[in-house]
Amino acid sequence: MEMGEKAMVRARAIRGVLAAGAFLSALCSPGAAHATSFTVETTSVDLTNDGLCSLREAIQASNTLAPVNGLDDCPAGTGDDTILLPPGTYTSSVTLTVSHKIQIVAAENASNTIIKTSSGFAASQLLSVTAGGNLSLNSVTLQRGGGVQTRGIYGSNARISLSRS
């Protein structure tokens, strides 16, 4: 099996475990709203309707509480969601904006999971957390790949927490 195929198989297995956990959680506490768990399936940070949930699409689904590209890419979020990032480098050409409660967690460790700006990045920050937003990064490395005076994270009247990141 090639490295890309192994990553896809691992991502699907992790997604299955997360889905089973969500199902069991729903059985234990009926009537409560449950967070959506997204497993990112591509290192591409885009909004392409390709049947794969990207980091940007998972953030958008959580922010808008609506699926991205129908149900083809990412399901609707609840506004209190977890995004699981398999190892890889996620290069963004746009600011990723968080307006709800989102936890972004590396599947392994921060040295293997990197979110960075593209070489032509023109925005002033990679991640922006709007008023009332809540971003938690766990075991994720942020890098500046380009742009002038690019900040990793900017928040205004927002909550930001970093753990092993």
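In the predicted model described here, strand β6, which spans residues 113-117, pairs with β9 in the parallel sense over 3 bridges, two strands being taken as paired if DSSP finds at least two bridges between them. Within this pairing, Ile115 stands opposite Leu142 of β9. Strands of a sheet pair through backbone hydrogen bonds, in either a parallel or an antiparallel manner. The open sheet to which these strands belong has 3 strands in the order β3-β6-β9, with parallel pairing. Because β3 (88-92) and β9 (141-143) stand at the edges and each has a single partner strand, one side of each is left without a neighbour in the sheet. Neighbouring strands of this sheet are turned by 20° against each other on average, direction ignored, the axes being lines fitted to C-alpha atoms and angles running from 0 to 180 degrees between N-to-C directions.

The protein chain contains 2 helices and 11 strands, where helices (H or I, at least four residues) and strands (E, at least two) are DSSP runs numbered from the N terminus. From the N terminus on, these elements run α-β-α-β-β-β-β-β-β-β-β-β-β.

Of the 165 residues in the protein chain, 36% are buried, that is, under 20% relative accessible area with a 1.4 Å probe, protein chains only. Among contacts (heavy atoms within 4.5 Å) between residues at least 6 apart in sequence, 67% join residues at least 24 apart. The protein chain exposes about 8400 Å², of which carbon and sulfur atoms supply 53%, as computed by the Shrake-Rupley method with a 1.4 Å probe.

Residues are numbered from 1 along each chain as its sequence is written, and side-chain values use heavy atoms, with hydrogens and water left out. As the model is predicted, local features need pLDDT of at least 70 and side-chain atom pairs count only at pLDDT 80 or more, whereas totals for chains, interfaces and linings use all residues.

Definitions and conventions. Buried < 20%, exposed > 50% of the residue type's maximum accessible area, 1.4 Å probe, protein only.
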